[in-house]
Structure formats: structure tokens, C-alpha cells
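Please work through the following exercises with the sequence and the model at hand. Each task is followed by a solution in steps.

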Amino acid sequence: MNPPKIQAAAAGESPYLAGFISHLAHERRLSPLTVENYRRDVENLLALAGKTSLDQLSIHQIRRFVAQLHGRGLGGKTLARMLSAWRTFYRYLARDHQFTQNPCEGLKAPKSEKKLPDALSPDAAAQLMRVDDDSTIALRDQAMLELFYSSGLRLSELVGLQLQDVDFGNQEVRVTGKGSKTRVVPVGAFAVEALQAWLAVRAQHASPESTALFVNKQGRPISPRTVQSRVDYWAKKLGLGMHVHPHMLRHSFASHVLQSSGDLRAVQEMLGHANISTTQVYTHLDWQHLAKVYDAAHPRAKKKA
């Protein structure tokens with residue numbers, strides 16, 4: 001959920017904020033979106049602090065700020081991100097403005113209720129792949145859908161793909177993930193076929209010098225918003241009866257591979273997770289699936305009413 005709007009009196013006028021933003025953008029070379037997230041989080045801190053100077057804030061006051069935001073509906077993940085931004089801000093203040101304390105160090109956000117990622121059933125995923133249309137845009141869309149589900153790509157990874165990233169001989173694709181880390185993931189036979197069908201007509205939209213794998217009608221690299229829109233369009237058109245987003249196909253890939261193989265390390269590597277604890281959420285999905293099968297099939301799973 002988005003943070004509630006906090007009315008800040010002259011938050012943007014902080015003598016420290018502009019320098020911090022410049023530090024993030026030019027020294028750390030963070031993306032514009034990440035820099036903007038830091039800006040918003042620090043502006044929230046400045047608004048909460050009010051007339052109290054930053055070097056006078058204590059850990060007890062920061063804890064109270066977190067409690068106030070939690071009471072306004074912010075979840076644990078949002079608060080954890082916000083605390084991380086505040087800690088980073090204070091480290092910058094210590095380095096460049098001789099601040100001697102960081103009142104955010106050691107504080108933890110309230111725990112959020114763990115929400116399992118949404119995933120399609122294998123039948124629903126197969127239904128989504130049945131794009132029965134031979135227009136160039138439909139062929140592009142089917143290639144995107146198949147690649148999402150076949151290889152578990154993030155949305156940013158798919159839109160960033162270049163022609164040279166696909167290796168048809170080895171049925172692999174090289175993707176650039178978080179932290180600019182690259183990995184090679186397998187591409188299934190159906191996805192290979194869909195990609196070849198798209199590449200056969202791609203020149204009808206793309207200019208000869210374009211290297212983006214997926215382009216829009218105007219020949220420009222496809223945007224994340226367009227991909228999101230097209231995924232949901234086909235989910236509705238093919239009668240899935242639910243909102244489907246690209247990350248749901250990544251979750252579906254992970255849970256279905258894990259259900260079939262039980263190989264958590266392999267799934268971690270294919271997803272590009274730095275820490276296996278991130279991948280372990282899919283073991284909960286797997287157990288959820290098995291528990292439903294047990295309840296439905298075992299003669300003594302439930303007492304008769």
C-alpha cells in the first residue's frame with residue numbers, strides 16, 4: 001500500500017536533503033526511481049520531526065514516528081524500507097555534516113503478516129498461453145507470455161532483453177537482473193517456438209538498427225506498463241476471470257517447477273535470488289498445494305458433518 005500523505009511544512013527546504021539526493025544520484029549512481037523513493041521517505045522524516053532539528057532526534061522519537069506511521073496503516077515492509085532510508089540519510093549526515101549519532105540504528109519495523117505470492121494453477125497458466133491470433137502484436141504477446149512462464153523473468157528483465165540475449169541453439173536466455181547481475185536461464189520448447197514466430201514478423205515494427213527483443217507498434221522498446229496491460233488483456237480475453245500481472249507468471253513458474261522437482265537451489269538460481277530465504281516462500285506455496293490435495297483426497301482428512 002502507498003504511504004499516507006504527510007503534510008510537511010517546508011520539508012523540501014531542508015539544507016541537507018538536496019545534498020543527500022545529489023549524493024545518491026551522482027556518487028552512488030542510483031536509478032531515478034530509487035532516488036525519488038529515498039526523497040519521499042526522508043521528506044516524511046522531516047515532516048514528522050517538525051521543528052526538532054535532525055541532530056536532536058533520539059531513538060525514542062524515531063520509534064514513536066514508526067508507531068505513528070504504523071497506526072496510519074503502513075505495513076512492516078514499507079516501514080522497514082523507510083527506516084533503511086532514514087539510516088542511510090543519517091550516515092550521509094555523519095560523513096558530510098559531522099553528525100555524531102544515528103538514532104535509526106538498531107530499530108526494526110513491526111513484522112508484517114506474511115502474504116504468499118499469487119500464482120496461477122498449471123491449468124490456468126496453460127489457458128493463458130492459448131493465444132489464438134496470428135497478428136504481429138498477438139505473436140509478440142504470446143512470446144512474452146511464454147517467456148515469462150517458461151523462464152521466470154522479472155518484468156524489468158523481460159523489457160530489457162536484446163536480440164543477442166537469446167541463444168536458440170542452447171535454448172537459453174541471458175538476463176540482467178537486480179544489481180546489474182546477469183544470469184543464464186533455460187527457455188522451454190513452447191517459448192522457443194513463440195519467440196521464433198515473433199522474430200519472423202518483428203521487422204514489420206522494428207527499425208533495422210533496433211536491438212530490443214520486444215518492441216511496440218511504433219518500433220520503440222516496449223515499456224513495462226504496456227507489458228502489464230497486455231498480460232491482463234489476454235487473461236481477460238482468454239477467460240481466466242482474474243487480474244493477472246507479470247510477476248504472477250514468475251511466481252507460477254517458481255511454484256510449478258518446485259512442485260515438480262523439489263529442487264529449491266535450482267529454482268533460486270533460475271529466479272536470480274541472492275538469498276535462498278527469498279526462494280523459500282515457494283515451499284509454503286508447495287505445502288499449500290499439497291494440503292489442499294490431502295484434504296480433498298484422503299478419506300480421513302476431515303470429519304464428516
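Predicted model: local features only at pLDDT ≥ 70, side-chain atom pairs only at ≥ 80, totals over all residues.

**Exercise 1. The chain as a whole**

Task: State how many helices and strands the chain has, and what share of its residues counts as buried.

Solution. Step 1: The secondary structure comprises 13 helices and 3 strands. Step 2: The chain has 305 residues, of which 43% count as buried. Step 3: Of the contacts between residues at least 6 apart in sequence, 59% join residues at least 24 apart.

**Exercise 2. Helices H2 and H3**

Task: Determine how H2 and H3 are oriented to each other, and describe their contact by residue class.

Solution. Step 1: Two packed helices are described by the angle between their axes and the distance between the axes. Step 2: Helix H2 covers residues 32–49 and helix H3 residues 59–71; they pack at about 105 degrees, with axes 11 Å apart. Step 3: Angles of 65 to 115 degrees count as roughly perpendicular, and H2 and H3 are therefore roughly perpendicular to each other. Step 4: On the H2 side the contact is made by Leu-45, Leu-48 and Ala-49, which meet Ile-62, Phe-65, Gln-68 and Leu-69 of H3. Step 5: By class, this contact of H2 with H3 has 6 nonpolar residues, 1 polar residue and no charged residues.

**Exercise 3. Helices H1 and H4**

Task: Carry out the corresponding analysis for H1 and H4.

Solution. Step 1: The packing angle of H1 and H4 is about 95 degrees, and their axes are 10 Å apart. Step 2: This makes H1 roughly perpendicular to H4. Step 3: Gly-19, Phe-20, His-23 and Glu-27 of H1 meet Ala-85, Thr-88, Phe-89, Tyr-92 and Arg-95 of H4. Step 4: The residues of the contact of H1 with H4 divide into 4 nonpolar, 3 polar and 2 charged.

**Exercise 4. An aromatic pair**

Task: Classify the ring pair of Phe-20 and Tyr-92, and decide whether each residue is buried or exposed.

Solution. Step 1: Rings pair if their centres lie within 6.5 Å, and by this rule there are 7 aromatic pairs. Step 2: The ring centres of Phe-20 and Tyr-92 are 5.5 Å apart and the planes stand at 50 degrees, so the pair is tilted. Step 3: Phe-20 belongs to helix H1 (residues 17–27) and Tyr-92 to helix H4 (residues 76–97), so the pair ties together parts 72 residues apart in sequence. Step 4: Phe-20 is buried, with a relative accessible area of 0%, and Tyr-92 is buried at 6%. Step 5: Ring pairs link Phe-20 and Tyr-92 into a cluster with Tyr-16, Tyr-38, Phe-89, Tyr-90 and Phe-99.

How values were computed: Residues numbered from 1 in each chain as written. Heavy atoms only, no water. Phe/Tyr/Trp six-rings, centres within 6.5 Å; stacked < 30°, edge-to-face > 60°. Helix = DSSP H or I, 4+ residues; strand = E, 2+ residues; numbered from the N terminus. Buried < 20%, exposed > 50% of the residue type's maximum accessible area, 1.4 Å probe, protein only. Axes fitted to C-alpha atoms, helices over the stretch in contact; angles between N-to-C directions. Parallel < 35°, antiparallel > 145°, perpendicular 65-115°, else oblique. Contact = heavy atoms within 4.5 Å. Nonpolar A, V, L, I, M, F, W, Y, C, P; charged D, E, K, R; others polar.
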